[in-house]
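Open the model in a viewer and keep the selection panel to hand. The stops below go from one selection to the next.

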Amino acid sequence: MASVELVKVAKRYARQTVLHPLDLTIPDGSFTVLVGPSGCGKSTLLRLLAGLESLSDGEILMNNVQITDRDPADRDIAMVFQSYALYPHLTVAENLAFHMQVKKVKREEQQSKIERIAAILGIDKLLQRYPRALSGGQRQRVAMGRAMVRNPQVFLFDEPLSNLDAQLRMELRAEIKSLHQRFKTTMVYVTHDQVEAMTLADQIVVMKEGRIVQQGAPLAIYDRPADTFVARFIGSPPMNLLSGQLLMRDGVPGVQCQDLWQPLPPRWHATARQQEGTPVTVGVRPHDLLEAAEGTTAQVNVVEITGESTLLHLTWYGQALHMQIGGRHPAMSGDAIGLKFNAEKIHLFDAATGARLAES
């Protein structure tokens, strides 16, 4: 296991800056997930850690020792790629043994490691098959096993599940989490899927345009997104963002959105009093958008029933909203439905910058 620290790390290609100078600490034994939209720099950051790309600026430390200029083979880091990258002319056993053969590990030790790792990953009956005879999930398990036999200090995963169907993604996601809990090896995982980020990580790093926007525990980011970008990116379905204004009514701090006035919970009172009349962006997650018997109404456009919940796609004053309701709802396209917010779960952001407003 190892701790990793990135200090003022930057990456440029000619005049194009892919990663702006950033600092990041990856604690020993942690599961850190880099998440963000395509092109945000997360895979580039992973390749810099692996030594597959050279830094433009900054340094990388492992256990407080600089590894910036070390070759990939000398970093004690193993990487699992999206494309599996298996040798097609070698069997599963030979793929697993390849690195150990290069390092001239004793044959008995090779066999012992192959059998142990294959049993852990459930591929022990596939050792004599070639990659062409494996399913996508089996190939990804072999790719993971090839990294595991190296017993590295750090595992890097570059969107390893993106080529798999939904069921396999769920199964392998659980296996990766289980492996981390079992071996406590430092893991850095890249994905654009915020569900993977939330379920796997003990530290999430949200990236946008080559910068770190927010980092922290999954629920801390979910409950207190730093800005509207994070608010929309973390959470599925995404958070509803509404234009509003801080407004007092009979001495009670609240927020006005179109014809809907909503009292605010105590944590927002000081801000609402100090900035009364200020335009804000109001964030409401789909499950915190509630049905009301009277008051403002929205039109139902699409109804999605999954069994355990119902997702309503609404239009309210020309804006698209999502409402998630537990169980099954009888609403149909074209219906009108009353709206209110779960006041305790409201998020407030600066209307101009998108930054989260201060709470008391």
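Between domain 1 and domain 2, one residue pair is in polar contact, with both residues at pLDDT 80 or more. The model is a predicted one. On the side of domain 1 that touches domain 2, two residues are nonpolar, none is polar and three are charged.

Five residues from domain 1 and five residues from domain 2 make up the contact. About 430 Å² is buried between the two domains, and carbon and sulfur atoms give 55% of that area. Now select Y222, R224 and P225: in domain 1 these lose the most area to domain 2, together 77% of what that side buries. Which salt bridges cross this interface? The rule finds zero between domain 1 and domain 2.

Next, look for salt bridges over the whole structure, where the search finds eleven. Start with D57 and R12, whose closest N and O atoms are 2.8 Å apart.

Move to helix α3 (residues 107–121) and select E109 and K113, which lie four residues apart, about one turn of the helix. Their side chains form a salt bridge with an N to O distance of 3.9 Å. E109 is partly exposed, at 39% relative accessible area.

Then select R141 and E175, joined by a salt bridge of 2.7 Å, N to O. This pair links distant parts of the chain, with R141 in helix α4 (residues 136–148) and E175 in helix α5, 34 residues apart. Is R141 buried or exposed? R141 is buried, because its relative accessible area of 12% is under the 20% cut-off. E175, at 22%, counts as partly exposed. Showing R224, R267, R356 and E359 together brings up one network, joined by salt bridges that share partners.

For the last stop, select K184 in the loop between α5 (166–183) and β8 (186–191). K184 is partly exposed, with 44% relative accessibility. Beyond its neighbours within four places in sequence, K184 is in contact with M1, G29 and L179. A C-alpha to C-alpha distance drawn from K184 to G338 reads 49 Å, for residues 154 apart in sequence.

Terms used. Residues numbered from 1 in each chain as written. Predicted model: local features only at pLDDT ≥ 70, side-chain atom pairs only at ≥ 80, totals over all residues. Heavy atoms only, no water. Contact = heavy atoms within 4.5 Å. Buried area = accessible area lost by both parts, 1.4 Å probe. Salt bridge = Lys/Arg side-chain N within 4 Å of Asp/Glu carboxyl O. Polar contact = N/O pair within 3.5 Å; in protein donor to acceptor, adjacent residues only side chain to side chain. Nonpolar A, V, L, I, M, F, W, Y, C, P; charged D, E, K, R; others polar. Helix = DSSP H or I, 4+ residues; strand = E, 2+ residues; numbered from the N terminus. Buried < 20%, exposed > 50% of the residue type's maximum accessible area, 1.4 Å probe, protein only.
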